Amino acid sequence: MRIPAHSVCTAIRDDIVSGVYERGSRLTEEQLARRYGVSRVPVREALRTLESEGFVVTRRHAGAHVAEPTEQEAADLLDMRALLEPLGAARAAQRRTEAHLKVLRGLVRLGQERARRGQGEDLSSLGGWFHETLAQASGSPALTALLTQLRHKIAWTYVVEQPAQPVEAWAEHGAIVDAVARGDAERARSLTALHAERSLPLHRLKRPERGRVRVSQHAVNTTSARN
């Protein structure tokens, strides 16, 4: 059974984002193949993909290493998101399906309920699912892929704090969905841009922790290899 390279890529990316592999640390094909229980072929393909995404760099005579983004590169991520998320929302207003609307409304209801009850532990995940679904509703695979990659990189480089007024934040989500449902592309764009701007103060740069060894709890999903 051959494990798909995309499954290995997902596993390595998740471990980079969560800090299992520190920035600047070396990644060898042998080490990764052993950790994830795969051959070196999908590992090699995964490293090429991760290099194209900016998570990995290949150094001459030194092999693959986890990238070390600068503060300017980290700031650029937020600037790019501020441009692309409003575009995705505007496209969603034009191309969304009823299935997308059903999921978005369900996430908003759940988020608003959790926020009112002060159950903040799940709000970050719900917010991620909301923005992922909104991107998918744009009907543009290329834009969705870019936004997904940005979310991974932002999670890698920033600690994102919960807003002081989560109920208001989820009311903003609800207003975006209303605009998307009405097909109002310009309002969806402007509301999403404002939402992204208001979230900026919640982002705090992560500082690399040196000398601490972390253990990965991530297992490669081999389900797709069986299908």
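Me: What is the volume of the largest pocket?

Reply: About 1,100 Å³. This is a predicted model, where local features need pLDDT of at least 70 and side-chain atom pairs pLDDT 80 or more, while totals for chains, interfaces and linings use all residues. Residues are numbered from 1 along each chain as its sequence is written, and side-chain values use heavy atoms, leaving out hydrogens and water.

Me: What makes a space a pocket, and what makes it a cavity?

Reply: On a 1 Å grid over the protein atoms alone, a cavity is a set of points where a 1.4 Å probe fits but cannot get out, whereas a pocket is an open set with protein on both sides within 12 Å along at least five of seven lines. Volume is the space filled by probe spheres set on the points, which are joined across faces, edges and corners. A search of the whole structure finds 1 cavity of 30 Å³ or more, and the largest cavity holds about 50 Å³.

Me: Which residues line the largest cavity?

Reply: Lining residues have an atom within 4 Å of a point. Here they are Glu85, Gly88, Ala89, His131, Leu134, Ala135, Leu147 and Arg151. H4, H6 and H7 each give two or more of them; helices are DSSP runs (H or I, at least four residues) and strands are E runs of at least two, numbered from the N terminus.

Me: And what lines the largest pocket?

Reply: Its lining has 35 residues, with Ser124, Gly127, Gly128, His131 and Val160 nearest its centre. H6 gives the most, with 8 residues.

Me: How do you know that strands S2 and S3 pair?

Reply: Two strands pair if DSSP finds at least two bridges between them. S2 (residues 56-59) and S3 have 4 bridges, in the antiparallel sense, so they qualify. Arg59 stands opposite Gly63 in S3. The two strands form a hairpin with 3 residues between them, and His61 in the turn has a positive phi of about 65 degrees.

Me: Why are H5 and H6 called roughly antiparallel?

Reply: Axes are lines fitted to C-alpha atoms, for helices over the stretch in contact, and angles run from 0 to 180 degrees between N-to-C directions. The axes of H5 (residues 98-116) and H6 come within 10 Å and cross at roughly 160 degrees. Angles under 35 degrees count as roughly parallel, over 145 as roughly antiparallel, 65 to 115 as roughly perpendicular and the rest as oblique. H5 and H6 are therefore roughly antiparallel.
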